[in-house]
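Dear colleague,

Please find the structure below, handed over for your use. My notes on its aromatic rings and nonpolar cores follow.

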Amino acid sequence: MFIKGMDISSHLEMMDKGHRYYDFDGNEVNIIDFAKEQGFNYGRLRIWNEPGRVKESGGYCDLEHTRKMAAEIKNRGLGLLLDFHYSDWWADPDNQTKPAAWQELGGDALAQAVYDYTREVLTALYQDGVYPDMVQVGNEIRCGMLWPDGRTDNWEELAKLINAGIRAVRDTQGAWDTKVMLHLDQGGRYYYFKEWFDNALANGVTDFDIIGLSYYPFWHGTFSDLKNTMEELAKRYHKPMIIAEAAHAYRRSRGELFGEAQEKIAGFPAGGAAQKEVLELIMSITAHISENMGLGVFYWEPFSRPDDEMDDGWGSCMGIVDAQGRPTLGFRAFGFAPENADIDRIAKIYEPSEITVTMEDEPTEYLPRTVKVLKYDGRLEREAVTWNFDKSVLMKNDTAVINGTLRNCGQTVSLSIHLVDKKGQQNLLKNPDFENLYDGMPEHWAVEAAGDNLVQEVRQEISEEFPFGATNYYYFKSESNFKWKLCQKFESLPAGNYTFSLAYRGDNTTGVKVKLYARTAGEVRAEQSIFPSAEEWTKHHIAFTLDTDSVAEVGIAVDSPAIYGMVKEICLVSEQCRQ
């Protein structure tokens, strides 16, 4: 059975708030029954230790609510996955806070608390006749759990805590064929999984059955990255895998949760039709991993709803029901059947990046001969393209969009060509390309960092596309939560209008905050959040005005769980930076 699951941890909260749900014809329904009719076959529940200690939780997801929801799931013949956060509230890559009752515990005493608590919860479910079919020991524990004791820089302690949870499952499951899952975020980043599971095995964490991955395409890499990660994990560890969390937006959010930047990174717009495409693609990739190692996919909080129209949280745009409780087109994705999937169908055509040329160049020399296409099992291939190009449409400092046709399937693709002068504006930054180093750090730049095991250095990237050549970039990576800033300061920047810009590339996940900023003494003049993409460099810029000559600072600031990032092409000009 291919798992088509749902995390419905907030269901009782939604019911208590009076939310109602409807079918495609507008008839009111019990949403769990309706979901089962549409193809859902597994439920996932998170459990927090004592959420009553945290006002924002509303007291939900404690043992009492979990027992009630487990019965709702099991009584319908659905499978049950129980997700232990080992915290009084959220646990994820950015937060792995000990429960209040365990704050003073460490070493063997903390491991014993994990065992006792896990055993207590599972024993209660066993007595209710609703024992889980799968158990997660920790939630998104790529950076560890129960900090600071169980951080990944202390694997001996972390392994002890994980094994305590696993042992409690084995001691209570009785005749249940319950599987233990270890769950990390960053489903498209194989290097994180390899490092983590190599360490886990080396430190005696061996009695687990399933590798769980979170995969949000606007955070965790491309679809082909996901396929590569799962294929490599299957070969190296011979463990089946489940996408424990996935989602895509049915509409844009009002704030920063899901907008144009996330659409570009995911490669699909917000909308019900795109949501269906994304979910079917993730399911198809998972179902076609070698040796049937992909067991299924869980949608995270599909029925979450906003409290009101001004609410900009998850329920405002990320569910498979809309704000009024009506099913989106994405709901229909859960009719997916692996045996009916056409893996040779093109799921997406990746339009090539904009080409920048000068009046002296011959643009046709730089038109790509092939474009990347994504197949429905996650394969990334190249298709030959024929361009319909007329040089006369280009005007100085203008951009022309030309169309091409894929020779094999006849589908169309677009490409932007930007025409510029050879002479650009003066970059006011010193050493913008990090050519000059002093004690290993770029001269004229200030770097501020707080965190353990932070790596930072200047590296070089060789370009194989126009305008060719080599480019320096600044690289940073941390193995735990950290803060980092790269900036340049001016003792007196003349009054005027300015644009500050840079190119950024790097990981994204829960809790990542990256900002481009410009400030004077005591005042932020401009700032912009960056939503990182690890697939390609993305340009970002902010504009600001100084009314008088000022002490000023421009830079990029990061506050994040363990990720890597890269910065290049940093520019400050009096009007606009033209590369």
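Arg 332 lies over the face of Phe 24, 3.7 Å from the ring centre. Such a charge is counted if NZ of Lys or CZ of Arg is within 6 Å of the ring centre and within 35 degrees of the ring normal. Lys 239 is likewise placed over the face of Phe 208, at 4.5 Å from the ring centre.

This is a predicted model, in which local features need pLDDT of at least 70 and side-chain atom pairs count only at pLDDT 80 or more, while totals for chains, interfaces and linings use all residues. Residues are numbered from 1 along each chain as its sequence is written, and side-chain values use heavy atoms, leaving out hydrogens and water.

The whole structure holds 44 aromatic pairs (rings of Phe, Tyr and Trp, the last by its six-membered ring, with centres within 6.5 Å; planes under 30 degrees apart are stacked, over 60 edge-to-face, the rest tilted). The rings of Tyr 498 and Phe 544 are stacked because their centres are 5.5 Å apart and their planes at 20°. Tyr 498 is buried, at 5% relative accessibility (buried means under 20% relative accessible area, exposed over 50%, partly exposed in between, with a 1.4 Å probe and protein chains only). Phe 544 is also buried, with a relative accessible area of 5%.

In the largest nonpolar core, of 110 residues, Ile 162, Phe 223 and Phe 303 touch the most other members. A nonpolar core is a set of buried Ala, Val, Leu, Ile, Met, Phe, Trp, Tyr and Cys residues joined through side-chain atoms within 4.5 Å.

With kind regards
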